Amino acid sequence: MKQKCDSEERICAMCRFSSEISGREDMLCSKKGVVPREFSCRKYIYEPLKRVPRKLPEFPSLDDISID
């Protein structure tokens, strides 16, 4: 079942059929062969486990806040 990924771009780095090639910027696609990370094709299926979550913003420490 294909999943829609409205928040993410359709790039090969997030596809179910791709895997990273060590030491290179390219991806190895089981459907298209060696392709760039930004490549996209009709066989694209979003893989949520490949997404790297954004870092949370740093909150001020409690020592910096004055309650008085």
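Leaving aside neighbours within four places in sequence, which residues is Glu47 in contact with? The views below take up this and other details of a predicted model, in which local features need pLDDT of at least 70, side-chain atom pairs count only at pLDDT 80 or more, and totals for chains, interfaces and linings use all residues. Residues are numbered from 1 along each chain as its sequence is written, and side-chain values use heavy atoms, with hydrogens and water left out.

**View 1. Surroundings of Glu47.** Glu47 is in contact (heavy atoms within 4.5 Å) with Met14, Cys15 and Arg16, once its neighbours within four places in sequence are set aside. Glu47 lies in the segment after β3, where strands (E, at least two residues) are DSSP runs numbered from the N terminus. Its relative accessibility is 17%, so Glu47 counts as buried, a class that means under 20% relative accessible area with a 1.4 Å probe and protein chains only.

**View 2. The open sheet.** Three strands, in the order β1-β2-β3, form an open sheet with antiparallel pairing, two strands being paired if DSSP finds at least two bridges between them. Because β1 (18-20) and β3 stand at the edges with a single partner strand each, one side of each is left without a neighbour in the sheet.

**View 3. The β2-β3 hairpin.** Strand β2 (residues 26-29) and strand β3 (residues 33-36) run antiparallel and are joined by four bridges, while a hairpin of three residues connects β2 to β3. Cys29 stands opposite Gly33 in β3.

**View 4. Contacts of Val35.** Not counting residues up to four places away in sequence, Val35 touches Cys12, Asp26, Met27 and Cys29.

Key: Buried < 20%, exposed > 50% of the residue type's maximum accessible area, 1.4 Å probe, protein only.
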